[in-house]
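Thanks for passing this model along for a look. Here are my notes, with the model itself shown just below.

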Amino acid sequence: MDIQTLIDKFYDGKATEEEELRLMDFFSGSDIPESLQEEKDFFTQYFRLDEAMPRALGLESRIDAWNIVEKSSARKAVGKSLRWAVGIAASLLLILSLGVFLNQQEDANSFALQEDTYTNPEDAYKKTRKVLMLFSENLNKGLNTLNRKEKK
């Protein structure tokens, strides 16, 4: 294959690795026609890309720095949207809590305004005494059971 055809394929991006190696071998030789001297300079630089790239530019460190900046700006954006979500949730919780509190206050006020169930104080006293005695008996049963278990 003609060398000019290989060069054209290379510039079109259709050259295979083998053809690129042939170009590298050709341009690394000494008998290059005068018409291809500019091409020789290009391919010499192209095939020595690793050697020709100066390390003093610090491109790697610059790229790393930009990656860090990009990540931190992404975190800030997530942080801002998270703050909004937390703020909205806290507002809803505050409104819900206030509603529950006010509802309980109304229930407590209605409980305090209840009327007596007994019109005669003696009946109320007898009923209270009966309930307290029942409570006392049940409490004593429970305490006796506990005392027996402690003794065992």
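1. Before the details, a word on the basis. This is a predicted model, in which local features need pLDDT of at least 70 and side-chain atom pairs count only at pLDDT 80 or more, while totals for chains, interfaces and linings use all residues. Residues are numbered from 1 along each chain as its sequence is written, and side-chain values use heavy atoms, with hydrogens and water left out.

2. The chain has six helices and zero strands, where helices (H or I, at least four residues) and strands (E, at least two) are DSSP runs numbered from the N terminus. Of the 152 residues, 7% are buried, that is, under 20% relative accessible area with a 1.4 Å probe and protein chains only; exposed is over 50%, and partly exposed lies in between. Among contacts (heavy atoms within 4.5 Å) with a separation of 6 or more, 32% join residues 24 or more positions apart.

3. Now to helix 1 (residues 3-12) and helix 2 (residues 17-28): their axes come within 10 Å and cross at roughly 125°. Axes here are lines fitted to C-alpha atoms, for helices over the stretch in contact, with angles from 0 to 180 degrees between N-to-C directions. The two helices are therefore oblique to each other; under 35 degrees would be roughly parallel, over 145 roughly antiparallel, and 65 to 115 roughly perpendicular, with the rest oblique.

4. Which residues of helix 1 and helix 2 make the contact? Helix 1 brings Ile-3, Leu-6, Ile-7, Lys-9 and Phe-10, and helix 2 brings Glu-19, Glu-20, Arg-22, Leu-23, Phe-26 and Phe-27. By class, this contact has seven nonpolar, no polar and four charged residues.

5. One salt bridge is counted, by the rule of a Lys or Arg side-chain nitrogen within 4 Å of a carboxyl oxygen of Asp or Glu. Its partners are Glu-19 and Lys-9, at 2.8 Å from N to O. Glu-19 sits in helix 2 and Lys-9 in helix 1, 10 residues apart. Glu-19 counts as buried because its relative accessibility is 10%, whereas Lys-9, at 25%, counts as partly exposed.

6. Helix 2 also pairs with helix 3 (residues 37-47): the axes come within 10 Å and cross at roughly 115°. Helix 2 contributes Glu-20, Leu-23, Met-24 and Phe-27, and helix 3 contributes Glu-39, Lys-40, Phe-43, Thr-44, Tyr-46 and Phe-47. This contact has six nonpolar, one polar and three charged residues.

Technical notes: Nonpolar A, V, L, I, M, F, W, Y, C, P; charged D, E, K, R; others polar.
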